[in-house]
Amino acid sequence: MNPYERKRRWKYLLLAFAIVIALGSVFYTSYLVKGIAKAEHTRAQLWASAIKASQEADDNDSFNFIASVRDSLFVPAIVVDEKGDIITTRGLDSTRTFIPPPIGVKPNKKAPKYDPPYYQAQVEYMQSQHDPIRINLFSGQYWLVYYQDSALLTQLKVFPYIQLTVIAVFLLIAYTAFSSARKSEQNQVWVGLAKETAHQLGTPISSLMAWIELMKDKFDAEDDPLIGEMENDVKRLEIVADRFSKIGSKPKLEDHSVYEVVKEYVDYFKVRVSNKIHFEVNGDPKLQAALNVPLFAWVLENLLKNAINAIDETGSIHVEIGTQTAKKLVYIDVTDTGKGIPRSKFATVFQPGYTTRKRGWGLGLSLTKRMVENYHNGQIFVKDSELGKGTTFRITLKNQTNHEQATT
């Protein structure tokens, strides 16, 4: 298992563990809510029973005792008679609801009436939460007790969701902060390693150049094709060292014909791989984009090497250059006839460490994405792929030709 797959598996395991904790918290809170709701229902029944008993009390002592019990068993509630008229209320807005005088006391005709819209809204809300408790009186009449959950129970119902939201936001912020710090640290390692590599390559490259010149003079091999190929490879090493030296610094971009840059590198590359693989480059030479040629050649190298590795023995690599989105972008499609990429891996292939090769490091496409997006302000993605038939990578860059025509 490669490092990327291992890291992704650990992420899934931690995510599953977090989901289990979240569900456990929700279920436990739901259990507590049901227990408190049952207790409040019992309190409401006791309160209704106390109201009924206060109506049937035949002496003042009994009435006072029952009334004290009634008032101590507090729940937000409304008691209405058969006609829907309010008998008494508890726990509601006293400034908007008429509170009748104690039972047995003649009501004050000047007392304010309750607010009908507020009363109706409260009754409908209580009906949506609980069925009313019926109190049958000795007179044959009955009262209905509507009640609602207490503020504590209401808060407890929404508490787990607020808690999970706060935890999720905190984890997201923490993950973003740690990820940003880790990426910054990785960038510093990349830059340091790249610059040190460029520095270490400098001395042997200079020595090779000197040895080649010595061989020319000693063996009179100025026109020898083998010496010429050696010079090309040494120049290639110089380009590689120059690439590494540019990592971490802002490269200088200049307008170039995309077709010519691509064609020149493909011509260099194809003579260094198997002749069983056919290369083809098509496009308009007039299309231009802002490029840093050494770094963009590195992009092409990684894509072509990736295509070569995907092809078993024989196959073809086709590079198409064109414009899209009303000619504001130049696209470069690199299509191979290799084994293809599963659709689920389209984004994964650009992750550091992801590789299907036993000896691969999984850094080529990751570096390619960095150079296209960070240094050339473009995009790279898997445009299309089919298992057993091949893959197309697409690079998009700003069309400088169209920009120049617009400004002139």
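Which residue forms a salt bridge with Glu-229? Select Glu-229 and Arg-272 in this predicted model: the two form a salt bridge, with the closest N and O atoms 3.2 Å apart. This pair links distant parts of the chain, 43 residues apart. Glu-229 sits in helix α5 (residues 225–246), and Arg-272 in the loop between α6 (258–270) and β6 (277–283). With a relative accessibility of 39%, Glu-229 counts as partly exposed. Arg-272 is partly exposed as well, its relative accessible area being 33%.

Next, select Lys-270 and Asp-267. Their closest N and O atoms are 3.5 Å apart, in another salt bridge. Both residues belong to helix α6; because they are three residues apart there, about one helical turn separates them. Lys-270 has a relative accessible area of 35% and is partly exposed. For Asp-267 the value is 30%, again partly exposed.

Now go to helix α4 (residues 151–219) and select Glu-213 and Lys-216, which lie three residues apart, about one turn of the helix. Their side chains meet in a salt bridge at 3.7 Å, N to O. Lys-216 counts as buried because its relative accessibility of 8% is under the 20% cut-off.

Glu-213, Lys-216 and Glu-231 are linked in a network of salt bridges.

To finish, display every salt bridge: the structure holds twelve, among them Glu-229 with Arg-272, Lys-270 with Asp-267 and Glu-213 with Lys-216.

Terms used: Residues numbered from 1 in each chain as written. Predicted model: local features only at pLDDT ≥ 70, side-chain atom pairs only at ≥ 80, totals over all residues. Heavy atoms only, no water. Salt bridge = Lys/Arg side-chain N within 4 Å of Asp/Glu carboxyl O. Helix = DSSP H or I, 4+ residues; strand = E, 2+ residues; numbered from the N terminus. Buried < 20%, exposed > 50% of the residue type's maximum accessible area, 1.4 Å probe, protein only.
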